[in-house]
Amino acid sequence: MSRVATQLGSSSRWQTRRAQRAPRLRLVPLLLVFAAGCGATGGLPAPSHPLTRAPDEPFRRHPPEILPGPPLRAPALSEVQLPNGLMLIVVPRPGWPTVSVALVTRATELDYEPGALELSSAYVARLALLRQPDTALGFGAGLTGAAVTGTAQTRDLETVLDAFAEAIVGNLDTQAMQQARAELLLDEEMSASSPLGAGRSFAMQALYLPSASFGALRRDRYRAVANVSPPLLSVVTRDAFRPSDTALILVGDITAERARALVEPRLGAPYEGRPRATRSAPPPHDTQLPLGAGDMRSSQLQLVYGLPAPQLQEDDWAAYQVLEAVLAGGFTSSLNTRIRHQLGASYGVHWGSWFDYPGHAAFIEARIDAERAVPALTAFFTELVRVRQAPLGDAELERARRVVWGEWEARFATPGGLLGVCQRAFSARMSVDALAARAEATRHVSAAAVHAAAVARLQPSRNVVVLTGPLEALRGYQVTRSEAGFALVPAAFGSAPR
């Protein structure tokens, strides 16, 4: 999948629709394929000893009172649209040693041949790196747009901007293209061989595409990137970063006047090109495909729980942010408490969003001690059912809201965070002030709103459970699904695997 260098999300990928119908009660056994040599290694801690110190329970029940902080506000920034349509956004931070830079376009992967926009974004970043080796840039392309983001030494900003302009309007640099393609293909190969990468890929495919199968989506993307021709790359790069749909964002020790003097001569030319022939986005499908399992060599059982994620403009976006924090936001979240602290069975529970083709998706990811897989999965599924059954208590709600608020405060206070805030606002076609107001709303989300988001988003008919790793740890068990949620139960005698 695409990589993104932004500090806006937990995982880091680019920015679906509501669940449509609940399924009938149904029993779906896990497909368990066993391979010799898998299992927990001898170096793992004993299951009877928690891997971390248990959280302070009095704090969990009664968090200390903290006076409300000031509301989030957009930073002092300058937004100027150049005559050719390019948006220049500058957030001055005098004295900072680096300048953070983002080249953002609203062009999406659905506008071009599969893999072409991703390779174009990687090409722009790679050319900048060749021109200035000390520059740290990343790239990403997805359903909501593409970006090249990172940091550049202040004295080298002109070189980076020169590289951007050369990549977009100049002749194709064959060396940079081949290196960008090789990097993308290597990333695909490494992800496909990783239990967690395979689990994410299958979960994404099962959420949005029919006939999901392990590895198929990655193989298709690998072929797509490998087959992008040089002429097509030149056309796509120029068209994708057309000025009317592109923003250049600078955060650091630079003034708006200086930024315009650097940018306009390089990226201020008009562009007359063909209109984009946008393909239609595949809608989420509601076929009965909630489960998947793949045996891969690993010392841990990898769990990926996938579900559609709301976009920034959707009504339940703020409540959904708090729901994330309740389940997997920080070490005091409910899932971390249940399976990491109390059972000592998990090596971490994380929540990350992939805003990527073919749609918006979020994942709860857990690395589980194979020796404690059964109680850990039972506790995991039980916790998801709990948050759908009733509104949260006051202490749990307040703790989750603080987690979300702390994350947004950090984004508005750090160079990379500010870059990501401006980037997300541009991609969502809203002002930074409007985005700040959306983030501010998370401080006032009610328990009823979080409960409604849990009921709507944690729907078994639209969620995906993927297990990879040493599946022999689940021998004799199967995952069942009902309208209430998922559960791990002893396998019925004679059940046929899927």
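I take helix axes as lines fitted to C-alpha atoms over the stretch in contact, with angles running from 0 to 180 degrees between N-to-C directions. The model I am reading is predicted.

**Entry 1: H10 and H11**

I looked up how helix H10 (residues 334-342) lies against helix H11 (residues 373-389). Their axes come within 9 Å and cross at roughly 160 degrees. Angles over 145 degrees count as roughly antiparallel, so I record H10 as roughly antiparallel to H11. I note the crossing of the two helices as right-handed. On the H10 side, I find the contact made by Ser334, Leu335, Arg338 and Ile339. H11 contributes Ala376, Ala379, Phe380, Glu383, Leu384 and Arg386.

**Entry 2: H8**

I next checked the length of helix H8 (residues 256-267). At 1.5 Å a residue, its 12 residues should span 16 Å, and I find the end C-alpha atoms 15 Å apart, which agrees.

Which residues of H8 are buried? I list Ala259, Leu262, Val263 and Leu267. They cover an arc of only 90 degrees around the axis, which puts them on the same side of H8. I recall that an α-helix has 3.6 residues a turn, so residues three or four places apart point the same way. I find the buried residues of H8 packed against strand E3 (87-92), helix H3 (157-169) and strand E7 (246-252). On the face turned away from the buried side, I note the exposed residues Glu257 and Pro265.

**Entry 3: Arg429**

I located Arg429 in the loop between helix H13 (415-427) and helix H14 (432-440). Its phi is near 60 degrees, a positive value in a residue other than glycine. Most residues other than glycine have a negative phi. I record Arg429 as exposed, because its relative accessible area is 59%.

Note on methods
Residues are numbered from 1 along each chain as its sequence is written. This is a predicted model: local features need pLDDT of at least 70, side-chain atom pairs count only at pLDDT 80 or more; totals for chains, interfaces and linings use all residues. Side-chain values use heavy atoms; hydrogens and water are left out. Helices (H or I, at least four residues) and strands (E, at least two) are DSSP runs, numbered from the N terminus. The expected span of a helix is 1.5 Å times one less than its number of residues. Buried means under 20% relative accessible area, exposed over 50%, partly exposed in between (1.4 Å probe, protein chains only). The arc is that of the directions from the helix axis to the C-beta atoms. Contact means heavy atoms within 4.5 Å. Angles under 35 degrees count as roughly parallel, over 145 as roughly antiparallel, 65 to 115 as roughly perpendicular and the rest as oblique. A crossing is left-handed if the near helix is turned anticlockwise from the far one by less than a right angle, and right-handed if clockwise.
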